[in-house]
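Opening the notebook on this one.

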Amino acid sequence: MARRDTPEVFLAGYAEVLRGACATGRRLTRDELDVLRSRGERAAEAGIGLRALVRAQLGQARAVRAELAPGAAEHLLASVEQAVDAFAEGHERAQRLAVRQEEAARREFVDDLLYGRSDLGRLAERAVRFGLMLSHAHAVAVASGGDSYDDGHPLTRRIESSLVARFGDRRILLTTKDGRLICIVPGDQSDVLAYFAKQAYAAAEGGRVAVGRPHPGAGGVVHSYEEALNALDLADRMGLDDPVLYAADLLVFPVLTRDRQAMAELVRSVLGPLKGARGGPRPLLDTLAVYFDTGCVAAEAARRLSLSVRALTYRLERIRQLTGADPGDPVHRYTLQTAVIGARLLDWPDHDLL
(Lines give C-alpha, C1' and ligand atoms only; values in the text may rest on other atoms or scores of the structure.)
Protein backbone atom coordinates (compact mmCIF):
# COMPACT_ATOMS: atom_id res chain seq x y z
CA MET A 1 0.00 0.00 0.00
CA ALA A 2 1.31 3.47 -0.90
CA ARG A 3 2.43 5.67 1.93
CA ARG A 4 0.61 8.96 2.37
CA ASP A 5 3.72 11.02 1.64
CA THR A 6 4.56 9.37 -1.71
CA PRO A 7 3.48 10.43 -5.22
CA GLU A 8 1.63 7.12 -5.79
CA VAL A 9 -1.11 8.01 -3.33
CA PHE A 10 -2.16 10.86 -5.63
CA LEU A 11 -2.25 8.63 -8.71
CA ALA A 12 -5.03 6.27 -7.64
CA GLY A 13 -7.07 5.42 -10.74
CA TYR A 14 -4.59 7.12 -13.07
CA ALA A 15 -3.76 3.92 -14.96
CA GLU A 16 -7.49 3.24 -15.45
CA VAL A 17 -7.96 6.70 -16.96
CA LEU A 18 -5.16 6.03 -19.46
CA ARG A 19 -6.57 2.60 -20.36
CA GLY A 20 -10.05 4.06 -20.92
CA ALA A 21 -8.73 6.82 -23.17
CA CYS A 22 -6.61 4.41 -25.21
CA ALA A 23 -9.42 1.87 -25.57
CA THR A 24 -11.58 4.30 -27.54
CA GLY A 25 -8.93 6.72 -28.84
CA ARG A 26 -10.59 9.65 -27.06
CA ARG A 27 -9.10 12.61 -25.26
CA LEU A 28 -9.32 12.88 -21.49
CA THR A 29 -12.67 14.29 -20.36
CA ARG A 30 -13.11 17.57 -18.55
CA ASP A 31 -14.03 15.73 -15.33
CA GLU A 32 -10.93 13.55 -15.57
CA LEU A 33 -8.70 16.59 -16.08
CA ASP A 34 -10.35 18.38 -13.13
CA VAL A 35 -9.62 15.38 -10.91
CA LEU A 36 -5.99 15.34 -12.04
CA ARG A 37 -5.62 19.10 -11.38
CA SER A 38 -7.10 18.62 -7.92
CA ARG A 39 -4.65 15.82 -7.19
CA GLY A 40 -1.77 17.95 -8.41
CA GLU A 41 -2.86 20.63 -5.95
CA ARG A 42 -3.10 18.17 -3.08
CA ALA A 43 0.30 16.72 -3.93
CA ALA A 44 1.86 20.19 -3.76
CA GLU A 45 0.16 20.85 -0.41
CA ALA A 46 1.60 17.55 0.84
CA GLY A 47 5.08 18.64 -0.18
CA ILE A 48 5.41 16.30 -3.19
CA GLY A 49 7.65 17.85 -5.83
CA LEU A 50 6.47 18.09 -9.43
CA ARG A 51 9.40 16.06 -10.76
CA ALA A 52 8.64 13.16 -8.42
CA LEU A 53 4.99 13.32 -9.45
CA VAL A 54 5.82 13.23 -13.16
CA ARG A 55 8.21 10.33 -12.67
CA ALA A 56 5.46 8.34 -10.95
CA GLN A 57 3.05 9.19 -13.79
CA LEU A 58 5.53 8.00 -16.41
CA GLY A 59 6.12 4.81 -14.46
CA GLN A 60 2.42 3.97 -14.51
CA ALA A 61 2.22 4.97 -18.19
CA ARG A 62 5.00 2.51 -19.03
CA ALA A 63 3.08 -0.26 -17.25
CA VAL A 64 -0.07 0.59 -19.26
CA ARG A 65 1.91 0.68 -22.51
CA ALA A 66 3.04 -2.89 -21.99
CA GLU A 67 -0.62 -3.95 -22.09
CA LEU A 68 -1.51 -2.08 -25.29
CA ALA A 69 -1.38 -3.07 -28.90
CA PRO A 70 1.47 -1.41 -30.85
CA GLY A 71 -0.84 1.04 -32.63
CA ALA A 72 -2.24 2.44 -29.36
CA ALA A 73 1.14 3.66 -28.06
CA GLU A 74 0.91 6.96 -29.94
CA HIS A 75 -2.48 7.72 -28.42
CA LEU A 76 -1.13 6.83 -24.98
CA LEU A 77 1.53 9.50 -25.39
CA ALA A 78 -1.11 12.13 -26.16
CA SER A 79 -3.13 11.09 -23.08
CA VAL A 80 -0.06 11.23 -20.84
CA GLU A 81 0.72 14.71 -22.18
CA GLN A 82 -2.78 15.90 -21.19
CA ALA A 83 -2.48 14.27 -17.79
CA VAL A 84 0.94 15.76 -17.04
CA ASP A 85 -0.31 19.23 -18.02
CA ALA A 86 -3.31 18.85 -15.70
CA PHE A 87 -1.19 17.64 -12.78
CA ALA A 88 1.34 20.44 -13.36
CA GLU A 89 -1.40 23.09 -13.57
CA GLY A 90 -2.87 22.02 -10.25
CA HIS A 91 0.57 21.74 -8.65
CA GLU A 92 1.59 25.22 -9.84
CA ARG A 93 -1.73 26.69 -8.72
CA ALA A 94 -1.14 25.38 -5.20
CA GLN A 95 2.41 26.69 -5.25
CA ARG A 96 1.28 30.17 -6.28
CA LEU A 97 -1.34 30.18 -3.55
CA ALA A 98 1.26 29.08 -0.99
CA VAL A 99 3.60 31.86 -2.13
CA ARG A 100 0.84 34.46 -1.86
CA GLN A 101 -0.09 33.22 1.60
CA GLU A 102 3.55 33.29 2.69
CA GLU A 103 3.96 36.82 1.31
CA ALA A 104 0.79 37.94 3.10
CA ALA A 105 1.99 36.40 6.38
CA ARG A 106 5.39 38.03 5.96
CA ARG A 107 3.85 41.42 5.18
CA GLU A 108 1.53 41.20 8.18
CA PHE A 109 4.46 40.26 10.41
CA VAL A 110 6.60 43.13 9.12
CA ASP A 111 3.78 45.63 9.65
CA ASP A 112 3.16 44.38 13.19
CA LEU A 113 6.89 44.34 13.95
CA LEU A 114 7.61 47.86 12.74
CA TYR A 115 4.51 49.38 14.29
CA GLY A 116 4.52 47.33 17.50
CA ARG A 117 0.81 46.53 17.09
CA SER A 118 0.85 42.86 18.08
CA ASP A 119 1.16 41.09 21.42
CA LEU A 120 4.91 40.95 22.06
CA GLY A 121 4.89 37.28 23.08
CA ARG A 122 2.99 36.25 19.97
CA LEU A 123 5.17 38.52 17.83
CA ALA A 124 8.31 36.84 19.17
CA GLU A 125 6.90 33.42 18.26
CA ARG A 126 6.13 34.54 14.71
CA ALA A 127 9.55 36.17 14.38
CA VAL A 128 11.32 32.80 14.64
CA ARG A 129 9.67 31.77 11.38
CA PHE A 130 11.35 34.71 9.64
CA GLY A 131 14.76 34.20 11.23
CA LEU A 132 14.62 36.73 14.08
CA MET A 133 15.16 36.11 17.80
CA LEU A 134 13.43 39.08 19.41
CA SER A 135 14.81 38.26 22.83
CA HIS A 136 18.10 39.73 21.52
CA ALA A 137 18.90 43.32 20.57
CA HIS A 138 18.35 44.33 16.94
CA ALA A 139 19.26 47.29 14.77
CA VAL A 140 17.44 48.56 11.70
CA ALA A 141 18.74 50.28 8.58
CA VAL A 142 16.39 52.10 6.19
CA ALA A 143 17.31 53.00 2.60
CA SER A 144 15.37 55.48 0.49
CA GLY A 145 16.01 56.30 -3.14
CA GLY A 146 14.57 57.83 -6.25
CA ASP A 147 12.38 54.76 -6.78
CA SER A 148 9.69 53.15 -4.64
CA TYR A 149 10.67 49.66 -3.58
CA ASP A 150 8.58 46.60 -2.78
CA ASP A 151 9.52 43.00 -2.03
CA GLY A 152 9.45 42.10 -5.72
CA HIS A 153 11.53 45.03 -6.94
CA PRO A 154 14.71 43.97 -8.82
CA LEU A 155 16.85 46.04 -6.45
CA THR A 156 15.34 44.30 -3.43
CA ARG A 157 16.07 40.89 -4.94
CA ARG A 158 19.60 41.88 -5.91
CA ILE A 159 20.55 43.20 -2.48
CA GLU A 160 18.95 40.20 -0.76
CA SER A 161 20.99 37.83 -2.94
CA SER A 162 24.13 39.82 -2.22
CA LEU A 163 23.54 39.68 1.55
CA VAL A 164 22.91 35.94 1.50
CA ALA A 165 25.98 35.30 -0.65
CA ARG A 166 28.21 37.28 1.70
CA PHE A 167 26.82 36.48 5.13
CA GLY A 168 24.82 33.28 4.69
CA ASP A 169 22.41 32.53 7.54
CA ARG A 170 22.97 35.49 9.85
CA ARG A 171 19.31 35.96 10.88
CA ILE A 172 18.91 38.86 8.47
CA LEU A 173 15.46 40.11 7.51
CA LEU A 174 15.36 42.26 4.37
CA THR A 175 11.97 43.74 3.60
CA THR A 176 10.27 46.92 2.39
CA LYS A 177 7.90 49.44 3.92
CA ASP A 178 6.36 52.57 2.43
CA GLY A 179 8.62 52.33 -0.63
CA ARG A 180 11.84 52.03 1.39
CA LEU A 181 14.26 49.12 1.82
CA ILE A 182 14.59 47.88 5.39
CA CYS A 183 17.27 45.62 6.84
CA ILE A 184 16.86 44.16 10.34
CA VAL A 185 19.81 42.36 11.94
CA PRO A 186 21.03 41.35 15.42
CA GLY A 187 22.50 44.30 17.24
CA ASP A 188 26.05 42.92 17.27
CA GLN A 189 26.26 42.60 13.47
CA SER A 190 27.13 46.13 12.44
CA ASP A 191 29.17 44.70 9.55
CA VAL A 192 25.94 43.49 7.92
CA LEU A 193 24.33 46.93 8.20
CA ALA A 194 27.47 48.62 6.83
CA TYR A 195 27.46 46.26 3.85
CA PHE A 196 23.72 46.77 3.30
CA ALA A 197 24.19 50.55 3.42
CA LYS A 198 27.01 50.37 0.88
CA GLN A 199 25.01 48.16 -1.49
CA ALA A 200 21.78 50.15 -1.17
CA TYR A 201 23.46 53.51 -1.66
CA ALA A 202 25.43 52.29 -4.67
CA ALA A 203 22.36 50.77 -6.31
CA ALA A 204 19.84 53.54 -5.59
CA GLU A 205 20.73 56.72 -7.48
CA GLY A 206 20.35 59.72 -5.24
CA GLY A 207 19.52 57.46 -2.32
CA ARG A 208 20.38 57.69 1.33
CA VAL A 209 20.63 55.14 4.13
CA ALA A 210 20.01 55.68 7.84
CA VAL A 211 21.01 53.23 10.58
CA GLY A 212 19.25 53.13 13.95
CA ARG A 213 20.93 52.11 17.19
CA PRO A 214 20.59 48.55 18.57
CA HIS A 215 17.79 48.11 21.12
CA PRO A 216 16.63 44.97 22.96
CA GLY A 217 13.32 43.13 22.56
CA ALA A 218 10.49 43.39 20.06
CA GLY A 219 9.97 47.01 21.01
CA GLY A 220 13.63 47.60 20.27
CA VAL A 221 13.07 46.91 16.57
CA VAL A 222 10.40 49.61 16.47
CA HIS A 223 12.67 52.01 18.36
CA SER A 224 15.62 51.45 16.00
CA TYR A 225 13.35 51.72 12.96
CA GLU A 226 11.93 55.04 14.15
CA GLU A 227 15.44 56.34 14.82
CA ALA A 228 16.42 55.52 11.24
CA LEU A 229 13.31 57.22 9.85
CA ASN A 230 13.92 60.30 12.01
CA ALA A 231 17.52 60.42 10.76
CA LEU A 232 16.31 60.48 7.15
CA ASP A 233 13.82 63.23 7.95
CA LEU A 234 16.48 65.18 9.84
CA ALA A 235 18.88 64.92 6.92
CA ASP A 236 16.29 66.48 4.62
CA ARG A 237 15.53 69.33 7.00
CA MET A 238 19.16 70.02 7.91
CA GLY A 239 20.47 69.68 4.37
CA LEU A 240 22.88 66.92 5.39
CA ASP A 241 24.52 65.40 2.34
CA ASP A 242 26.06 62.30 3.93
CA PRO A 243 24.91 59.18 2.02
CA VAL A 244 24.91 57.05 5.18
CA LEU A 245 23.57 58.45 8.44
CA TYR A 246 23.91 56.92 11.90
CA ALA A 247 21.32 57.82 14.51
CA ALA A 248 24.01 57.59 17.19
CA ASP A 249 25.83 60.52 15.53
CA LEU A 250 22.72 62.70 15.42
CA LEU A 251 21.52 62.49 19.02
CA VAL A 252 22.25 66.16 19.63
CA PHE A 253 19.44 67.22 17.30
CA PRO A 254 16.58 65.53 19.19
CA VAL A 255 18.01 67.05 22.36
CA LEU A 256 17.91 70.51 20.81
CA THR A 257 14.28 70.15 19.75
CA ARG A 258 12.99 68.37 22.84
CA ASP A 259 11.78 71.74 24.13
CA ARG A 260 10.33 73.07 20.90
CA GLN A 261 8.98 76.23 22.49
CA ALA A 262 12.38 77.16 23.92
CA MET A 263 14.07 76.53 20.58
CA ALA A 264 11.48 78.63 18.76
CA GLU A 265 12.10 81.47 21.23
CA LEU A 266 15.86 81.22 20.65
CA VAL A 267 15.42 81.42 16.87
CA ARG A 268 12.97 84.31 17.22
CA SER A 269 15.18 86.40 19.51
CA VAL A 270 18.57 85.67 17.88
CA LEU A 271 17.69 85.45 14.18
CA GLY A 272 14.42 87.38 14.06
CA PRO A 273 16.23 90.70 13.41
CA LEU A 274 17.48 89.27 10.08
CA LYS A 275 14.01 89.94 8.73
CA GLY A 276 15.10 93.60 8.52
CA ALA A 277 17.73 92.81 5.92
CA ARG A 278 17.24 93.76 2.29
CA GLY A 279 15.92 90.66 0.55
CA GLY A 280 14.70 89.11 3.78
CA PRO A 281 16.46 86.77 6.20
CA ARG A 282 17.14 83.84 3.85
CA PRO A 283 20.44 85.02 2.22
CA LEU A 284 22.01 85.91 5.57
CA LEU A 285 20.70 82.74 7.22
CA ASP A 286 22.19 80.62 4.41
CA THR A 287 25.45 82.51 4.80
CA LEU A 288 25.62 81.60 8.49
CA ALA A 289 24.75 77.99 7.79
CA VAL A 290 27.51 77.57 5.19
CA TYR A 291 29.99 79.51 7.32
CA PHE A 292 29.44 77.17 10.26
CA ASP A 293 29.40 74.07 8.03
CA THR A 294 32.89 74.96 6.77
CA GLY A 295 34.28 75.37 10.28
CA CYS A 296 34.14 79.17 10.00
CA VAL A 297 36.70 79.22 7.17
CA ALA A 298 35.78 82.35 5.25
CA ALA A 299 37.49 81.42 1.98
CA GLU A 300 35.77 78.02 1.76
CA ALA A 301 32.40 79.47 2.76
CA ALA A 302 32.74 82.16 0.09
CA ARG A 303 33.59 79.53 -2.52
CA ARG A 304 30.53 77.44 -1.66
CA LEU A 305 28.30 80.51 -1.78
CA SER A 306 29.88 81.73 -5.05
CA LEU A 307 30.88 84.97 -3.33
CA SER A 308 34.10 86.87 -2.96
CA VAL A 309 35.68 86.79 0.49
CA ARG A 310 35.00 90.49 0.71
CA ALA A 311 31.27 89.97 -0.01
CA LEU A 312 31.13 87.23 2.60
CA THR A 313 32.82 89.45 5.16
CA TYR A 314 30.27 92.17 4.40
CA ARG A 315 27.41 89.73 5.04
CA LEU A 316 28.90 88.59 8.35
CA GLU A 317 29.25 92.19 9.43
CA ARG A 318 25.64 92.87 8.42
CA ILE A 319 24.55 89.91 10.56
CA ARG A 320 26.48 91.37 13.51
CA GLN A 321 24.81 94.73 13.04
CA LEU A 322 21.30 93.28 12.87
CA THR A 323 21.55 90.65 15.61
CA GLY A 324 24.18 92.13 17.89
CA ALA A 325 26.00 88.75 17.76
CA ASP A 326 29.42 88.49 16.14
CA PRO A 327 29.94 85.20 14.20
CA GLY A 328 33.67 85.59 14.82
CA ASP A 329 33.28 85.67 18.61
CA PRO A 330 33.40 82.16 20.19
CA VAL A 331 30.60 82.86 22.68
CA HIS A 332 28.35 84.54 20.13
CA ARG A 333 29.22 81.86 17.58
CA TYR A 334 27.78 79.08 19.74
CA THR A 335 24.51 80.98 20.20
CA LEU A 336 24.24 81.80 16.52
CA GLN A 337 25.06 78.26 15.40
CA THR A 338 22.50 76.74 17.78
CA ALA A 339 19.89 79.20 16.49
CA VAL A 340 20.75 78.33 12.87
CA ILE A 341 20.32 74.62 13.65
CA GLY A 342 17.00 75.43 15.30
CA ALA A 343 15.90 77.41 12.24
CA ARG A 344 16.62 74.40 10.03
CA LEU A 345 14.80 72.02 12.34
CA LEU A 346 11.79 74.32 12.59
CA ASP A 347 11.91 75.24 8.87
CA TRP A 348 12.17 78.95 9.62
CA PRO A 349 11.68 81.43 7.94
CA ASP A 350 9.53 79.45 5.46
CA HIS A 351 7.17 78.59 8.32
CA ASP A 352 6.17 80.83 11.19
CA LEU A 353 7.42 79.98 14.67
CA LEU A 354 4.63 78.93 17.05
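**Helix pairs around α14**

I began with α11 and α14, which are roughly perpendicular to each other (65 to 115 degrees counts as that, under 35 as roughly parallel, over 145 as roughly antiparallel and the rest as oblique). The model is a predicted one, with pLDDT of at least 70 needed for local features and 80 or more for side-chain atom pairs, while totals for chains, interfaces and linings use all residues. Residues are numbered from 1 along each chain as its sequence is written, and side-chain values use heavy atoms, leaving out hydrogens and water.

The axes of helix α11 (residues 282–293) and helix α14 (residues 330–346) come within 10 Å and cross at roughly 115 degrees. Axes here are lines fitted to C-alpha atoms, for helices over the stretch in contact, with angles from 0 to 180 degrees between N-to-C directions. Helices are DSSP runs of H or I with at least four residues, strands are runs of E with at least two, and both are numbered from the N terminus.

I noted the crossing of α11 and α14 as left-handed; that term applies if the near helix is turned anticlockwise from the far one by less than a right angle, and right-handed is the clockwise case. On the α11 side, the contact (heavy atoms within 4.5 Å) uses Leu285, Leu288, Ala289, Phe292 and Asp293. From α14 come Arg333, Leu336, Gln337, Val340, Ala343 and Arg344. Sorted by class, the contact of α11 with α14 holds seven nonpolar, one polar and three charged residues. For these classes, Ala, Val, Leu, Ile, Met, Phe, Trp, Tyr, Cys and Pro are nonpolar, Asp, Glu, Lys and Arg are charged, and the others, Gly among them, are polar.

Next I looked at helix α10 (residues 260–271), whose axis comes within 9 Å of that of α14, crossing at roughly 120 degrees. The crossing of α10 and α14 is left-handed. α10 puts in Arg260, Met263, Ala264, Leu266, Val267, Val270 and Leu271. α14 answers with Thr335, Leu336, Thr338, Ala339, Val340, Gly342, Ala343 and Leu346. I get 11 nonpolar, three polar and one charged for the contact of α10 with α14.

**α1 against α3**

Which way does α1 pass α3, left-handed or right-handed? The axes of helix α1 (residues 14–24) and helix α3 (residues 50–65) come within 10 Å and cross at roughly 45 degrees, which makes α1 oblique to α3. The crossing of α1 and α3 is right-handed. Tyr14, Ala15, Leu18 and Arg19 of α1 meet Gln57, Gln60, Ala61 and Val64 of α3. That contact of α1 with α3 splits into five nonpolar, two polar and one charged.

**Buried residues**

Histidine 91 lies in helix α4 (residues 73–115). Histidine 91 is buried at 4% relative accessible area (buried is under 20%, exposed over 50%, partly exposed in between, with a 1.4 Å probe and protein chains only). I traced the side chain of histidine 91 to the backbone oxygen of isoleucine 48, at 2.7 Å. Leaving out residues up to four places away in sequence, histidine 91 touches Gly40, Glu41, Ala44, Ile48, Gly49, Leu50 and Leu53.

Isoleucine 184 sits in strand β3 (residues 180–186) and is buried, with a relative accessible area of 0%. Among the residues that isoleucine 184 touches are Leu113, Leu132, Val140, Ile172 and Val221. I also checked its distance to serine 224: isoleucine 184 and serine 224 are 40 residues apart in sequence and 9.3 Å apart in space, C-alpha to C-alpha.

Back in α11, I looked up threonine 287. Threonine 287 is buried, with a relative accessible area of 0%. Not counting residues up to four places away in sequence, threonine 287 touches Leu305, Leu312, Arg315 and Leu316.

Serine 306 has a positive phi near 55 degrees without being a glycine. The place of serine 306 is the loop between α12 (298–304) and α13 (309–323), and serine 306 is exposed at 67% relative accessible area.

Aspartate 347 has a positive phi too, about 60 degrees. Aspartate 347 is in the segment after α14 and is partly exposed, with a relative accessible area of 31%.

Last entry: where is proline 349? Proline 349 is in the segment after α14, and a cis peptide bond joins tryptophan 348 and proline 349, with omega about 15 degrees.

Note on methods
Polar contact = N/O pair within 3.5 Å; in protein donor to acceptor, adjacent residues only side chain to side chain.
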